[in-house]
Protein chains: 2
Amino acid sequence: MANISDVAKLANVSVATVSRYLNNSGYVGKKSRAQIEEAIKQLNYTPSEVARTLTTKQSDLIGLIIPDINNPFFPELARAVEDTAFRHGYTVILCNSDEDIEKEQHYIKALSKKYVAGLILTTILDQDNYSNNLSIPIVALDRPLNVNIPTVTTDNEKGAKIGTQYLIENGVSNILCISGPKSVTSTNLRLKGFFKAVEGNNVEIHMVESKHDFQTAEQLTYETLQAHPEIDGIFAFSDASAIGALKAAHRLGLKVPEQLQIVGFDGIQMGKVVTPSLTTVAQDIYKLGERATQILIEQIEGKSTNSFSEQIEPQLLIRETTKERGPL
Amino acid sequence: MANISDVAKLANVSVATVSRYLNNSGYVGKKSRAQIEEAIKQLNYTPSEVARTLTTKQSDLIGLIIPDINNPFFPELARAVEDTAFRHGYTVILCNSDEDIEKEQHYIKALSKKYVAGLILTTILDQDNYSNNLSIPIVALDRPLNVNIPTVTTDNEKGAKIGTQYLIENGVSNILCISGPKSVTSTNLRLKGFFKAVEGNNVEIHMVESKHDFQTAEQLTYETLQAHPEIDGIFAFSDASAIGALKAAHRLGLKVPEQLQIVGFDGIQMGKVVTPSLTTVAQDIYKLGERATQILIEQIEGKSTNSFSEQIEPQLLIRETTKERGPL
DNA sequence: TTGTAGGCGTTATCAG
DNA sequence: CTGATAACGCCTACAA
């Protein structure tokens, strides 16, 4: 593999000139430029990222930390991040934190040792003052970290509110709310929205906390529904949980939506394919990932110095687990 | 951040000695050793992977190329690879090839420029003589590349055979086979198994080729079932397709398994949660990923020079989309 | 505009 | 056992 000095030799210039050409820094004469281009082509030269990283302390890597790739929400998100990063010439390293703060810290350290250019952190812990002692750009996805860190989120409170309201409008009077882990910011925001919607309406509520995972939610729902057969509506904080709940309902022989209505949260692909298809508060998952990545890259490349945040509107997708059927 | 020469100074030895200590190469006196350890601790020193990579041309990165993370089979696989890699001190970079050979080539190039220590390639193209002109270890997952490249696969032919047989034993006489892309080796193997099972039995067959994706399979199945209402069994080459097919059946008002029996392939988590739960030919997904990674790491670390392959047995998981219900 | 030379942090060779 | 020192491939003052 040819290196920069091979190119320099062939082009009859110095390595400095080649370097300047490569990085668009400083002057490069017209003639030199032409020779360099020719040499590069002939040698099929590409600069070594590693050597570059060694001097500049910055690579083309972007670290993406998610809780668990087995929650279908995250592959969709990851895909958006990857696509966007790829389009801009970055490579992403994906890490599963398993909602474990130590594991997360470990990854952050490992990644920063690799001189990743930036980091995208998704929902984990509700930390008011997460301090960015790293010198690299960070953007938070779905989890506001602190004022200085740009954040891309769905309006969680609003989403939970409209989902819950829809249930109530559809005649539900005894709701089971399957929340996510309380340690997560978005959970608390959704909780707030849920309570706002419920307030003043004469509905009874039951609360359970579940991981965003089919099995857990199914089991929890099964037990709760058995203990409280009067429940006629479920609002779940993730589609994964909602689908688990749907399964529990089936096992109990409950007709959905006739006897039990269900609304999820997320808008994952899978919601369309279960039967009955899932009514849900959809996040614009792709956009979430895309915007986060774009913002990160802007920060990395210094195009925007002021960190700003973005909130994306959720959208109620009415499908078949609720009574008022809208268009698919 | 301290570097190796800081450590050397503090420990009163040369950088060479520190390096030897770090890499367990060559002798290091007892006293030097102690001083070095002390210095490292005091300075909180960790060697720079980048600099190391620059000289050794080998990083701690493992590249994993999959077709598409949105097929639920792959997140599960990726998770297994990541976990295993992590345990051995490697970091994985995940790339989506979208079943596009150019994109795959692009990634392979990009990854090798990063001096990844090894590569794990999953199902894409059926290439008899894939030539490994890279100098790094590769293992093929789910796709045999060539004799010189270790491969970890499920016994696809056998899997397809037992799945199909089971359908036939359950009285199905008109089967729709939803295959995967024909360009993929595993598809062809499964096709072979399917035909073996069918052979000699008096069953009619219909074939369609689908991506392993809910929507596509659903649409295709919907059309086929409409044109051929006599079909009473479906064997799909992936759970994703099977679940899409299940959805199509629901839309057509077909009772599963009474009127239509369905068997999938893969054994993804999601199969358990749909209703009715999916009978499937399960691969040991975690083990597949784990073994591939272990073998790769053995190659990387030179512990095993001879490349060997492994085949993992599939297992029929009888659930509710077929008539003979076994235990869950 | 261009070239020289030092440095980024390690590893590896080769004398001591 | 240990220590100089030359790579590795690139960037960037600084000088010309």
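## A buried leucine in chain B

In this predicted model, B:Leu260 counts as buried because its relative accessibility is 0% (buried is under 20% relative accessible area, exposed over 50% and partly exposed in between, with a 1.4 Å probe and protein chains only). B:Leu260 sits in the loop between α10 (239-251) and β9 (261-266) of chain B; helices (H or I, at least four residues) and strands (E, at least two) are DSSP runs, numbered from the N terminus.

What does B:Leu260 touch, not counting residues up to four places away in sequence? The list is B:Leu225, B:Ile231, B:Asp232, B:Gly233, B:Ile234, B:Ala249, B:Leu254, B:Lys255 and B:Thr321, where contact means heavy atoms within 4.5 Å. Take B:Gly233: 27 residues separate it from B:Leu260 in sequence, yet the two C-alpha atoms are 5.2 Å apart in space.

## How the copies pair up

B:Arg79 has 8% relative accessibility, so it counts as buried. Its contacts, leaving aside neighbours within four places in sequence, are A:Asp68, A:Ile69, A:Asn70, A:Asn96, A:Asp98 and A:Lys103.

## Domains of chain A

Chain A splits into domain 1 (4-56), domain 2 (61-154 + 285-313) and domain 3 (156-284), with bounds from an automatic or database domain assignment. The centres of domain 1 and domain 2 of chain A, taken over C-alpha atoms, are 33 Å apart.

## A partly exposed phenylalanine

A:Phe195 belongs to helix α8 (residues 185-198) of chain A. With 36% relative accessibility, A:Phe195 counts as partly exposed.

## Ground rules

Residues are numbered from 1 along each chain as its sequence is written, and chains are lettered from A and ligands numbered from 1 in the order in which they are written. Local features need pLDDT of at least 70 and side-chain atom pairs count only at pLDDT 80 or more, while totals for chains, interfaces and linings use all residues; side-chain values use heavy atoms, with hydrogens and water left out.
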